[in-house]
Amino acid sequence: MLAALEPTLGAHLTEVFDELLPKQRWREAMPAEHRRRPEVRTAVEAHSPARRHFHDKLTEVFGQEPAGTLMEYLVPAPWTMLDRLGVPVAELRTTPRAA
């Protein structure tokens with residue numbers, strides 16, 4: 001996916017994504033009881049338009065499938081907001097990446 005970019009930029013983006021994205025798809029790592037909580041659902045819904053816009057831009061640059069994959073790893077609301085709501089974000093960031 002990143003190979004289509006200039007090689008050094010692709011390597012840098014890979015490094016950035018490895019640092020910022022969770023090690024596992026957020027739906028697999030975030031316990032369902034947190035995803036179902038009304039305050040978490042409200043936070044996710046509030047950030048849906050921004051995520052949609054970001055997904056559209058990723059699709060323009062990388063194509064549909066790579067953009068979808070990146071979005072699967074990107075948490076549905078900012079880390080700090082999820083942390084304030086009691087979602088175990090530290091676990092999301094340290095869980096080994098799914099195969």
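Tutor: Happy to! Contact here means heavy atoms within 4.5 Å. The model is predicted, with local features needing pLDDT of at least 70 and side-chain atom pairs pLDDT 80 or more, while totals for chains, interfaces and linings use all residues. Residues are numbered from 1 along each chain as its sequence is written, and side-chain values use heavy atoms, leaving out hydrogens and water.

Let's start at Val89, which touches Trp79, Leu82 and Asp83, not counting residues up to four places away in sequence. Val89 and Leu82 both belong to the largest nonpolar core, a set of buried Ala, Val, Leu, Ile, Met, Phe, Trp, Tyr and Cys residues joined through side-chain atoms within 4.5 Å. Apart from it lies another core, of five residues, including Leu58, Ala67, Leu70 and Met71.

Two of those names, Ala67 and Met71, lead us to His55: leaving aside neighbours within four places in sequence, His55 is in contact with Gln64, Ala67, Gly68 and Met71. You will find His55 in helix 4, residues 38-62; a helix is a DSSP run of H or I with at least four residues, numbered from the N terminus. His55 counts as buried because its relative accessibility is 10%, and buried means under 20% of relative accessible area (exposed is over 50%, partly exposed in between, with a 1.4 Å probe and protein chains only).

Methods: Helix = DSSP H or I, 4+ residues; strand = E, 2+ residues; numbered from the N terminus.
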